[in-house]
Amino acid sequence: MKKIALILVICMAAVPAVAQETLRVDYKEIEKMVAENHGYYDSLLGRFEQADTTLTLQELSLVYYGFSFLEGYSSFVFDREMSDAFSKGEFAEAETMAAKILEKNPVYLRANYIVACSKYEQNDLEWEKYLWRFGQLCLVITFSGDGESSTTAYKVICVADEYEILYKMLEVKDIAGQALTRDQCDAMSVVTKDGDKATIYFDVSRSLASLEKMFGTCK
């Protein structure tokens, strides 16, 4: 997977400097847009699924965060069998399971990554499409904040996405602990690749809202 990781790093480095500004992510505005202009959102989502490289970072942010406002969205994804198959090198099986997840949730980071890697290992040129999707979603999240505090936390719609960002984008060595703050953030205590200790914050309010809808009030 070293080549996949290298290509991902190159893709991230190729982003124009102007894009290194924090994205404005307003959940109320995004919810309103999805509700009142569903056709526009569906168009953006369709373009994302086809890896339309003309999508702007702001449009991609609408795709990712807007998905959490669709009817039936769940922040919890059963992916253990997919991950187990992938770790065993059973790429065809892993790809099949990941593809099924993406049918229901095309913005789920890990499934996009596993499809990309599995297709690459099977010499399927379509791997590039899924790696692009994964990379662009990672960019959206990392430009949603700086992760240094609860007020500037990275925004995710699924807790599992935190781990993809931590290990693949921020390249942390280990996760030492996790705590949920009062303002609905995950405070992740990590060990960096240089051995330093740090705390990285993720806004998980959309994930908690999904769980609340499923099981009742989260406190």
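Hi everyone, let's begin with Ala51, which is buried at a relative accessible area of 18%; buried here means under 20%, exposed over 50% and partly exposed in between, with a 1.4 Å probe and protein chains only. Before going on: this is a predicted model, where local features need pLDDT of at least 70 and side-chain atom pairs count only at pLDDT 80 or more, while totals for chains, interfaces and linings use all residues. Residues are numbered from 1 along each chain as its sequence is written, and side-chain values use heavy atoms, leaving out hydrogens and water.

Back to Ala51. Its phi is near 60°, a positive value in a residue other than glycine. Most residues other than glycine have a negative phi. You'll find Ala51 in the loop between helix 3 (38–49) and helix 4 (57–67); helices are DSSP runs of H or I with at least four residues, strands are runs of E with at least two, and both are numbered from the N terminus.

Now Asn123: this non-glycine residue also has a positive phi, about 60°. Asn123 sits in the loop between helix 7 (109–121) and helix 8 (127–142). Is Asn123 buried or exposed? It is exposed, with a relative accessible area of 71%.

Four strands form an open sheet in the order 1-4-3-2, with mixed pairing; two strands pair if DSSP finds at least two bridges between them. Strand 1 (154–155) and strand 2 (174–180) are at the edges, each with a single partner strand, so one side of each has no neighbour in the sheet. Strand 2 runs antiparallel to strand 3 (residues 185–191), and six bridges join them. Within strand 3, Val191 is the residue opposite Asp174.
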